Amino acid sequence: MKKVLMAFTAAALLASCGNNAEETTTPAEGVENHEGHEHEGEDHTGHDHAAMDENKTEFGAVAVNKEAAITTAEMLAQFEGQTEMAATFKGELTGVCTKMGCWVKIKHPAEGEDFMVRFVDHFTIPTTTEMGTVAYLTGTAKQDTTSVDDQIHLLEDGGMSHDEAAAQVTGPKYGMTFYADGIALEAATAEEAPATETETM
């Protein structure tokens with residue numbers, strides 16, 4: 001009985017991936033909550049980031065059908081008034097998690113405000129991925145509430161200090177988050193590339 005309990009405890013610790021008990025944001029079923037991950041000093045079991053192939057362009061458990069991808073504007077228009085929608089779309093990468101590459105931000109064409117894409121099962125892309133890269137994503141768009149702590153954590157992942165991040169967050173944020181099962185990256189053409197690099201979140 002003791003051996004079974006120890007094995008169960010070890011498995012639970014690995015599955016938790018650093019989450020703490022004080023999280024306030026509840027992710028959608030089957031979607032890992034990124035809040036509370038302590039990246040510094042963590043080997044992040046199951047993700048061999050040091051050995052990641054920088055030339056690889058497709059990531060995640062689901063292959064992206066690029067031919068089926070609609071534009072970001074079309075995806076957002078179709079999602080309006082809904083709380084959940086499966087989609088495959090194409091957008092411009094404007095931010096990437098600087099710690100692990102476990103989320104990205106996509107340019108919002110109408111509002112000029114980037115939106116968050118989280119990776120299902122915490123898969124990752126290279127943290128060196130350039131801004132302006134064209135991203136083809138497949139997954140599910142959902143209306144979510146992001147807690148203050150989670151927003152601060154994501155800003156820190158984007159390269160801010162804790163104080164800088166805390167100063168920017170005014171309260172819980174409600175809006176669309178895209179949960180990607182797969183992403184394919186493609187270098188931007190001269191026409192698509194941004195004039196200046198967008199600051200990461």
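A residue is called exposed when its relative accessible area is over 50% and buried when that area is under 20%; the legends below use these words for a predicted model.

**View 1. Asp 121 and His 122 in the loop between strands E5 and E6 of the predicted model.** Asp 121 lies in the loop that runs from strand E5 (115–119) to strand E6 (134–146), and because its relative accessible area is 53%, Asp 121 counts as exposed. The phi angle of Asp 121 is near 65°, which is a positive value in a residue other than glycine. His 122 belongs to the loop between E5 and E6 as well, and its phi is near 60°, again a positive value in a residue that is not glycine. Is His 122 buried or exposed? With a relative accessibility of 4%, His 122 counts as buried, whereas Asp 121 is exposed.

**View 2. The aromatic pair of Phe 89 and Phe 115.** Three aromatic pairs are counted in the model. One of them joins Phe 89 and Phe 115 in a tilted arrangement, with 6.1 Å from centre to centre and 35° between the planes. Phe 89 lies in strand E3 (residues 84–96) and Phe 115 in strand E5, so this pair ties together parts of the chain that are 26 residues apart in sequence. Phe 89 counts as buried because its relative accessibility is 0%, and Phe 115, at 6% relative accessibility, also counts as buried.

**View 3. The aromatic pair of Phe 119 and Phe 123.** The rings of Phe 119 and Phe 123 form a stacked pair, with their centres 4.3 Å apart and an angle of 10° between the planes. Phe 119 and Phe 123 are both buried.

**View 4. The cluster of Phe 89, Phe 115 and Phe 178.** Ring pairs connect Phe 89, Phe 115 and Phe 178 into a cluster, and the tilted pair of Phe 89 and Phe 115 has its centres 6.1 Å apart.

View 5. Of the 201 residues in the chain, 43% are buried. Among contacts between residues at least 6 apart in sequence, 73% join residues that are at least 24 apart. The accessible surface of the chain comes to about 11,200 Å², and carbon and sulfur atoms account for 51% of that surface.

Notes: Residues numbered from 1 in each chain as written. Predicted model: local features only at pLDDT ≥ 70, side-chain atom pairs only at ≥ 80, totals over all residues. Heavy atoms only, no water. Helix = DSSP H or I, 4+ residues; strand = E, 2+ residues; numbered from the N terminus. Buried < 20%, exposed > 50% of the residue type's maximum accessible area, 1.4 Å probe, protein only. Phe/Tyr/Trp six-rings, centres within 6.5 Å; stacked < 30°, edge-to-face > 60°. Contact = heavy atoms within 4.5 Å. Areas by Shrake-Rupley, 256 points an atom, 1.4 Å probe, with all protein chains shown as cover.
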